[in-house]
Amino acid sequence: MIEVGSIRIPESELVERFVRSAGPGGQNVNKVATAVELRFDIANSPSLPEPVRERLLARRDRRVTGDGVLVLSAQRFRTQDRNRQDARERLAHFIEAGRHAPKKRVATKPTRGSKERRLAGKRERSTIKQGRTRRDWD
């Protein structure tokens, strides 16, 4: 079971597949399936609260398929057990990111001083550029 705050995800909702890992490992890499592909169905999971589910599905993440299934592949480590652990930790971080609603942005107006500084800068640049064009040949 994976616990993220008050959210508990049972093992039955996780689908793990073990595949051969790419990268270093010598002859062992060709014999042992150490890489883990973890799948979690966000769209149909009964353990996710509705607002969290909506936030996770709304994220533009390439790991989430069109059907709302999160696919995590872990192959950083040389052992299957450590890669399983890594995939589950990454799933927990992904769900944690969806637990908190983002703060609403409060629109503010520029201050009087900032407007004046901006206009003064524009005037300064204008006079510099005007000085480049005027030619008094007499």
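Which residues are buried in α2? In this predicted model, the buried residues of α2 include V52, R53 and L56. Seen around the helix axis, they span an arc of only 100°, so they lie on the same side of α2. An α-helix has 3.6 residues a turn, so residues three or four places apart point the same way. The face of α2 turned away from the buried side carries E54 and A58, which are exposed.

What do the buried residues of α2 pack against? Their partners are β2 and α3. Two packed helices are described by the angle between their axes and the distance between the axes. For α2 and α3, the axes come within 8 Å and cross at roughly 110°. Angles of 65 to 115 degrees count as roughly perpendicular, and α2 and α3 are therefore roughly perpendicular to each other. On the α2 side of the contact are V52, R55 and L56, which meet F94, I95, G98 and R99 of α3. By type, the residues of this contact divide into four nonpolar, one polar and two charged.

In soluble globular proteins, nonpolar side chains tend to be buried together. Here the largest nonpolar core has 20 residues, and F40, I42, L48, L91 and I95 have the most contacts inside it. At least two residues of this core come from each of β1 (2-4), β2 (7-9), β4 (35-41), α2 (50-58), β5 (69-74) and α3 (80-99). The element that gives the most is α3, with four residues.

Leaving aside neighbours within four places in sequence, F40 is in contact with residues including I9, L14, L48, L70, L91 and I95.

Terms used
Residues are numbered from 1 along each chain as its sequence is written. This is a predicted model: local features need pLDDT of at least 70, side-chain atom pairs count only at pLDDT 80 or more; totals for chains, interfaces and linings use all residues. Side-chain values use heavy atoms; hydrogens and water are left out. A nonpolar core is a set of buried Ala, Val, Leu, Ile, Met, Phe, Trp, Tyr and Cys residues joined through side-chain atoms within 4.5 Å. Buried means under 20% relative accessible area, exposed over 50%, partly exposed in between (1.4 Å probe, protein chains only). Contact means heavy atoms within 4.5 Å. The arc is that of the directions from the helix axis to the C-beta atoms. Axes are lines fitted to C-alpha atoms, for helices over the stretch in contact, and angles run from 0 to 180 degrees between N-to-C directions. Angles under 35 degrees count as roughly parallel, over 145 as roughly antiparallel, 65 to 115 as roughly perpendicular and the rest as oblique. Ala, Val, Leu, Ile, Met, Phe, Trp, Tyr, Cys and Pro count as nonpolar, Asp, Glu, Lys and Arg as charged, and the others, Gly among them, as polar.
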